[in-house]
Amino acid sequence: MGIRLMRTHFLGAVVATTAALLGLGTLAAPAVRADDPTPIGTISGTVTAEAGGAPLSGITVAAWQEITVDGTTGWGPVAFATTGATGTYTLYGSPGEYRLQFLQCTGTCTDPAYAPEFYDDVATLAEAAPLTIADHVDLPGIDAALSAGHAISGTVTGPDAEAVNQGTVTAYVRSGDEWRPTYTAPLTDGGGYLLVVPDGSYRVGFAGRGRNYAREYYADAATLEDATTITTDGADVPDTDAQLDLVQVQNIQGVEPTINGVPRVGDTLVATPGAWLPQSDEYAYHYAWFRSGSAQPIGTGSTLVVPLSAQGETVTVQVSATLTGYTGNTATSAPTAPIAAAPTALQVVAQPTIAGTAQVGRTLTVTPGTWETTPTQVSYAWLADGRPIPGATGASHTLTPDLLGTRITVMVSAVGPGSLVGVAFAGATSPVQAGTLALASAPALKGKAKVGRKLKVVPGRTLPTAATVEIRWLVRNKAVAGATKKGYKLKKAVRGVKVRAEITYTVPGYAPLVVRTKAVRVR
């Protein structure tokens, strides 16, 4: 008698049975309770052998339906029946559309006689004819004649010869120019599987789970197009085994390994490994450097000091990437330009430069420039109009009065790896301008502005250095002839007018600074 589909706990029953049927595993019928609701529709028919027409008992009939479980929609087996001694079956179900499958071997048989099929005489669910169960209506005459079946079987192991206990094995059937997935079987404990198929030609694919197993096709092919075709011509095909590799890491196209540095004998080249998938910070990289004239590596680190043997040839680096849980892979950089001969001098890439204002009293600073390789030692020599400035050997120099009008430059000497020496000059400044004096304290007048008395001027102080002072006394802002001393005696002629002092400060190399005191009116 058929196993009835119950309205209550519908999805629970689906989940419990779907995995087994998808892999053609053992199909267990749920027990029928006395309080189960009455079935409201049936599909019935007879299952016979295609050759001879004998009725077949013990054939499982599975009804598939589109269902949604946990938000995911797909096809799953939802109701089952088993044929009796006369090959007949009756399958109960709720109103709706179904597709029927007939199978003898559900994973427990070792000597299958008949291949599974879907109604109406097709191999796949996608090709199956839809059948509709109506309320309290029987849909009779849904018959099947099963072809003779044979087993394709074997064992699937991983890269360490461990059994792959989870996964699916798929038999592909040729349809025109394509191989279509048609029959499937699950991997069981020990890595074994059993595919039941009718006579024909097949290609077999293996997909393991539990580790990052790579998909593979019989025999040891990476693609379906390269797989070996298996033929079941009236006999089983055992020992169709596979040993799966782990998924191989892949170098991302466009982010291949690169080589940085000057391609020259004695210089150091640096490799970058590129980018890889899957993305991870756990990669380990190994390097092998090659020159174009030999297949033997010339280095195995992430850096390479270019040997003399590579002169005139190009250099590449091969990066081997490994990641736990995956199969490693390699990628190779683009070649360098031909390796140049070892240099005889350290070459400057960017010239030294002078920063600051070319003016007496100001400080200039030189940057050493950029060199092909980082210097181990840098020295400086400051020059005025091409002649060395005594003692000026630092990275900065304060301009003294004797440099007024000259153009300043710097000779930079650099020593690099291998004791290579390079010399470069900073561009000359404009002519050094006169310095600017400033007052540290302003000049002031002392004394009473009264006829007969004497005024004195206190000159004040200048920066950045003391200056020579020249004094002129001014009456009505006009210089008084001969009045050039610090003191000035006030005569009757200046009564009622304003008097002040004008001080001129001079320092060699600096522009003169002229300052007038505040004027006072004579009484």
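Predicted model: local features only at pLDDT ≥ 70, side-chain atom pairs only at ≥ 80, totals over all residues.
Student: What percentage of the residues in the protein chain are buried?
Tutor: Buried here means under 20% relative accessible area. Out of the 523 residues in the chain, the buried share is 40%.

Student: Among contacts between residues at least 6 apart in sequence, what percentage join residues at least 24 apart?
Tutor: Start with the contacts in the chain whose partners sit at least 6 apart in sequence. Now keep those whose partners are at least 24 apart, and the share is 65%.

Student: Where is Thr462, is it buried or exposed, and which residues does it touch?
Tutor: Thr462 belongs to strand β39, which covers residues 461-463. Its relative accessible area is 7%, so Thr462 is buried. Its C-alpha atom is 104 Å from that of Tyr202, a residue 260 places away along the chain. Leaving aside residues up to four places away in sequence, Thr462 touches Ala438, Leu439, Ala440, Ala467 and Tyr505.

Student: Why does Pro352 count as buried, and which residues does it touch?
Tutor: Pro352 sits in the loop between β26 (348-350) and β27 (353-355). Its relative accessibility is 2%, and because buried means under 20%, Pro352 counts as buried. Val410 is 58 residues away in sequence, yet the two C-alpha atoms are 8.2 Å apart. Not counting residues up to four places away in sequence, the residues Pro352 touches are Val366, Thr367, Pro368, Gly369, Val412, Ala424, Phe425, Ala426 and Gly427.

Student: Which residues make the nonpolar surface patch that includes Val423?
Tutor: Val423 is in strand β34, residues 421-425. At 47% relative accessibility, Val423 counts as partly exposed. The patch has an area of about 260 Å², and its members are Val421, Val423 and Phe425.

Student: How many aromatic pairs are there, and why is the pair Tyr283 and Tyr285 called stacked?
Tutor: Searching the whole structure turns up seven aromatic pairs. In the pair Tyr283 and Tyr285, the ring centres are 5.8 Å apart and the planes meet at 15 degrees; planes under 30 degrees apart count as stacked, so this pair is stacked. Tyr283 counts as buried at 11% relative accessibility, whereas Tyr285 is partly exposed at 27%. To recap, the count is seven and the 15 degrees between the planes is why the pair is stacked.

Student: Which residues are linked with Arg211 in a network of salt bridges?
Tutor: The side chains of Arg211 and Glu162 meet in a salt bridge of 2.8 Å, N to O. The two are 49 residues apart, with Arg211 in the loop between β14 (200-208) and β15 (216-217), and Glu162 in the loop between β10 (149-157) and β11 (167-175). Arg211 is partly exposed, with a relative accessible area of 35%. Linked with Arg211 in the network are Asp160 and Glu162.

Student: Are Asp267 and Arg264 buried or exposed?
Tutor: Their side chains meet in a salt bridge of 2.9 Å, N to O. Asp267 has a relative accessible area of 7%, and Arg264 has a relative accessibility of 10%. With the cut-off for buried at under 20%, Asp267 is buried and Arg264 is also buried.

Technical notes. Residues numbered from 1 in each chain as written. Heavy atoms only, no water. Patch = residues over 30% accessible without salt bridge, like charges linked within 9 Å, V, L, I, M, F, W, Y side chains within 5 Å. Areas by Shrake-Rupley, 256 points an atom, 1.4 Å probe, with all protein chains shown as cover. Salt bridge = Lys/Arg side-chain N within 4 Å of Asp/Glu carboxyl O. Helix = DSSP H or I, 4+ residues; strand = E, 2+ residues; numbered from the N terminus. Buried < 20%, exposed > 50% of the residue type's maximum accessible area, 1.4 Å probe, protein only. Phe/Tyr/Trp six-rings, centres within 6.5 Å; stacked < 30°, edge-to-face > 60°. Contact = heavy atoms within 4.5 Å.
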